[in-house]
Amino acid sequence: MIPRSRQWHFFDSLWHHLFGFERPDSRGQRIFRRLFEAFIAGASVWLAWYWGRYTLRISDIVLELGFARYIDISFMHGNALPIWNAWAITGLIILGFLRIDRWIPLGRWAYMAAMLLLMLQYAARFVLGEIPHSSNLVGMGLMGFALAELQFKDRVAGGRFAIGFSYFFIGLGYTSAAASKLIARGFAWADGRHLWMWINEKAVDEVARSGSVELNWVQQLALDHWWIATAFLAFGLITEALAWLVWYRGTRYVAMWAVFGLHMGIWVTMDILFALSVYEILLLGLPWAAIIDRLWPEKGLAAN
Amino acid sequence: MSLNPHTNNARTTLLGVLIVYALTVAINLGEFWPFSIYPMFSQAGNPWSRAIVREVQPEDSLSWNALPLADVPGQPYGVRSGGVDPIDLANFVSKTAIWNQDRVAALSLMLLADPPKEPLRLMVYRVQARLTEQDSIAMTAMPYVVVGTDLPPDTKHLNPELRP
């Protein structure tokens with residue numbers, strides 16, 4: 001019989017790489033945990049207001065998403081509720097960030113309450129047919145901190161959980177995107193003519209947005225050379241398919257930078273910039289804790 | 001290898017979220033923000049549909065026939081000037097199955113809630129594209145509806161083919 005330690009070595013190793021609870025804490029890690037939390041908190045507040053203000057101009061529902069599939073979300077339209085909801089989310093996130101549970105019972109639920117209200121805000125905003133994915137990483141990041149507050153009394157462990165949670169779902173999300181493409185089209189997905197279609201589609205979007213469009217030299221290069229367009233798509237597909245490598249410390253930063261490159265490629269070829277996702281990838285794509293420890297070492301602790 | 005007690009907690013929580021994730025995307029067509037299976041761009045090479053807007057004048061004679069994108073008449077109008085996301089416009093136009101009074105009014109509100117000038121009259125076109133056998137991309141524009149700050153929303157301003 002194979003010992004349990006051997007059977008579970010793969011997963012034990014994965015948990016170790018994702019969360020590293022047994023590693024000594026350091027100043028760099030403390031600063032980075034709060035920095036990442038501040039980014040997720042700030043981005044969530046920004047989304048709450050961005051979506052809330054836009055929802056004021058919506059009066060009809062084309063496609064229900066999220067909560068709107070189960071409740072009549074029209075109560076959020078034609079009134080100031082999206083703005084009140086944005087205020088509520090802002091307040092809850094500030095309370096969560098300030099660790100209000102020291103003074104208020106149920107204070108640890110602040111982030112989770114904000115998460116649920118943000119899901120409502122999303123459901124009210126995205127009823128016009130668009131199914132965006134630019135905010136999913138931030139949403140999962142907020143969920144990670146919300147669960148950390150509820151599941152971990154120890155805040156050092158909670159912060160490590162939240163960061164590992166984000167790495168896990170970044171890896172899973174991009175890898176599942178590659179799986180969707182391969183299931184739908186196989187390796188022919190990377191045919192450069194498909195990029196030609198998307199470049200033209202986004203050019204029409206730009207005409208709709210600003211009234212005119214001028215293709216950049218990268219787009220022109222891809223349109224002029226099928227093989228260059230194919231190379232762009234192949235790089236994107238391979239990067240997504242290997243994104244699960246962010247789960248492991250040894251390959252994490254290379255994989256994160258490949259994902260960053262993927263987003264830059266999407267930006268220059270299709271003029272789509274998932275700004276919040278890119279900022280998050282930059283935050284998680286460098287060993288900031290180790291850099292801080294190296295630059296500002298804590299007495300008595302080795303740089304991590 | 002004995003697991004750190006926090007690892008047990010993290011593992012249980014993560015697996016719980018994974019189960020909820022899988023269930024919610026399974027019963028909600030792959031989308032339940034922030035859960036998603038990220039299917040965007042998977043349907044490579046399929047025909048696509050977007051929308052553009054042209055500014056028209058009351059005295060313009062309007063044709064409801066489809067025409068090549070390059071031949072669309074009128075002054076180009078960027079929806080950004082009215083605070084509108086063009087993806088919303090494109091989806092609103094392509095995913096509306098029945099164009100009734102409410103839908104025309106909703107489109108009018110979306111485009112004219114914050115007009116950059118008044119009076120303003122806009123023709124909304126649906127643009128459709130497909131890859132031809134000659135590896136070129138054919139794009140045609142179909143006039144859908146006219147909305148205006150001086151024009152009460154009405155189905156009579158729809159392309160006759162879309163009128164209920």
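In this predicted model, the second largest cavity holds about 30 Å³ of space, and the count of cavities of 30 Å³ or more comes to 2.

**Second largest cavity**
- The lining of the second largest cavity draws on chain A through A:Arg57, A:Ile58, A:Ser59, A:Asp60 and A:Leu128, and on chain B through B:Phe92, B:Ala106 and B:Met110.
- By class, these lining residues divide into 5 nonpolar, 1 polar and 2 charged.

**Largest cavity**
- Residues of both chains line the largest cavity, with B:Tyr21 and B:Tyr38 joining a set from chain A that includes A:Leu137, A:Met140, A:Phe169, A:Ile170 and A:Glu280.
- Helix H6 (136–151) and helix H7 (155–185) of chain A each contribute at least two residues to the lining of the largest cavity, and the largest share, 4 residues, comes from H7(A).
- The lining of the largest cavity comprises 6 nonpolar, 3 polar and 1 charged residues.

**Second largest pocket**
- A total of 29 residues line the second largest pocket, and those nearest its centre are A:Lys181, A:Glu240, A:Leu262, A:Ile266 and B:Phe41.
- At least two lining residues of the second largest pocket come from each of H7, helix H8 (192–210), helix H10 (226–241) and helix H11 (249–270) of chain A, with H11(A) supplying the largest share, 7 residues.
- In the lining of the second largest pocket, 19 residues are nonpolar, 8 are polar and 2 are charged.

Technical notes: Residues numbered from 1 in each chain as written. Chains lettered and ligands numbered in written order. Predicted model: local features only at pLDDT ≥ 70, side-chain atom pairs only at ≥ 80, totals over all residues. Heavy atoms only, no water. 1 Å grid on protein atoms, 1.4 Å probe; cavity = no way out; pocket = protein on both sides within 12 Å on 5 of 7 lines; lining within 4 Å. Points joined across faces, edges and corners; volume = space filled by probe spheres on them. Nonpolar A, V, L, I, M, F, W, Y, C, P; charged D, E, K, R; others polar.
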